[in-house]
Amino acid sequence: MPIHIKAGDITKEKACAIVNAANRSLMGGGGVDGAIHRAGGPAILAACKEVRRTQYPDGLPTGEAVATTAGNLPAQYVIHTVGPIWGRCGDRCDELLANAYRNSLKVAVELGCDSVVFPAISTGVYGFPADRAAKIAYKTVKDFLKSHPDMDVTFIFHSDRSRKVFEKATAH
Ligand code: ADP
């Protein structure tokens with residue numbers, strides 16, 4: 001099954017779609033969100049504003065996903081999703097994180113994409129424990145790929161340390 005795990009900068013990835021760990025507002029932020037908007041240029045924010053105006057006037061709900069242009073990035077699309085905030089997701093944290101991965105993959109299929117790169121959603125500012133998030137991310141993607149075997153998925157980590165945490169948690 002084509003699942004890849006690497007360390008690097010998601011903004012440099014040439015996949016059909018990269019996933020952004022966005023926040024509900026879709027107006028940009030810190031972490032990977034800030035990096036994607038900075039590297040991709042203003043076209044991404046303009047597209048996000050259009051999404052807010054037309055589809056999600058109250059913001060993108062946790063666990064949902066929506067695509068925009070990738071602006072100047074080498075990827076074709078950015079799929080924005082909102083992960084749960086650890087400590088504010090009650091007993092739904094795991095389910096909401098799985099939704100973020102699954103719904104991003106569904107959007108990728110709708111776009112006709114055959115390659116998607118994920119960051120470690122919710123494990124930065126949103127505080128989700130990295131090993132727990134890793135297990136959920138990996139299982140959700142693996143299950144999805146059973147019905148979409150031609151989809152190529154990469155998990156990218158900002159450091160070798162976080163890559164190793166993921167590999168340990170998923171027994172790679
Ligand atoms: P969240 O708010 O969902 O927690 P963050 O952006 O704070 O999102 O962090 C998510 C993960 O993305 C963190 O593990 C962080 O180290 C990582 N990250 C930050 N910048 C990049 C980048 N340019 N490429 C890949 N991963 C990144």
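The dialogue below takes up the ligand and then the aromatic pairs of this predicted model.

Q: Which residues come nearest to the ligand?
A: The ligand has 14 residues around it, and Asp9, Val32, Ser122, Gly124 and Val125 come nearest.

Q: How is the shell around the ligand divided by class?
A: Seven of its residues are nonpolar, six are polar and one is charged. By element, helix H1 (residues 31–40) gives the largest share, with three residues.

Q: Which polar atoms face the nitrogen and oxygen atoms of the ligand?
A: A polar contact is read from a pair of N or O atoms within 3.5 Å. Here, a polar side-chain atom of Asp9 lies 2.9 Å from a ligand nitrogen. Thr123 places a polar side-chain atom 3.1 Å from a ligand oxygen, and a polar backbone atom of Val125 is 2.9 Å from an oxygen atom of the ligand.

Q: How much of the ligand does the protein bury?
A: The ligand exposes 560 Å² when taken alone, and the protein buries 87% of that area. The space that the ligand takes is the largest pocket.

Q: How many aromatic pairs does the whole structure hold, and how is one described?
A: In general, the distance of the centres and the angle of the planes describe a pair of aromatic rings. A search of the whole structure finds seven aromatic pairs. One of them joins Tyr101 and Phe155: the centres are 6.3 Å apart and the planes form an angle of 55 degrees, so the pair counts as tilted.

Q: Which parts of the chain does this pair link?
A: The pair links distant parts: Tyr101 belongs to helix H3 (residues 93–111) and Phe155 to strand E6 (residues 152–157), 54 residues apart.

Terms used: Residues are numbered from 1 along each chain as its sequence is written. This is a predicted model: local features need pLDDT of at least 70, side-chain atom pairs count only at pLDDT 80 or more; totals for chains, interfaces and linings use all residues. Side-chain values use heavy atoms; hydrogens and water are left out. A residue is near a molecule or strand if one of its heavy atoms lies within 4 Å of it. A polar contact is a pair of N or O atoms within 3.5 Å; within protein, one must be able to donate a hydrogen and the other to accept it, and residues adjacent in sequence count only if both atoms are side-chain atoms. Accessible areas come from the Shrake-Rupley method with a 1.4 Å probe; for residues, only the protein chains shown count as cover. On a 1 Å grid over the protein atoms alone, a cavity is a set of points where a 1.4 Å probe fits but cannot get out, and a pocket is an open set with protein on both sides within 12 Å along at least five of seven lines; lining residues have an atom within 4 Å of a point. A molecule sits in a cavity or pocket if more than half of its atoms lie within 2 Å of its grid points. Helices (H or I, at least four residues) and strands (E, at least two) are DSSP runs, numbered from the N terminus. Ala, Val, Leu, Ile, Met, Phe, Trp, Tyr, Cys and Pro count as nonpolar, Asp, Glu, Lys and Arg as charged, and the others, Gly among them, as polar. Rings of Phe, Tyr and Trp (its six-membered ring) pair if their centres lie within 6.5 Å; planes under 30 degrees apart count as stacked, over 60 as edge-to-face and the rest as tilted.
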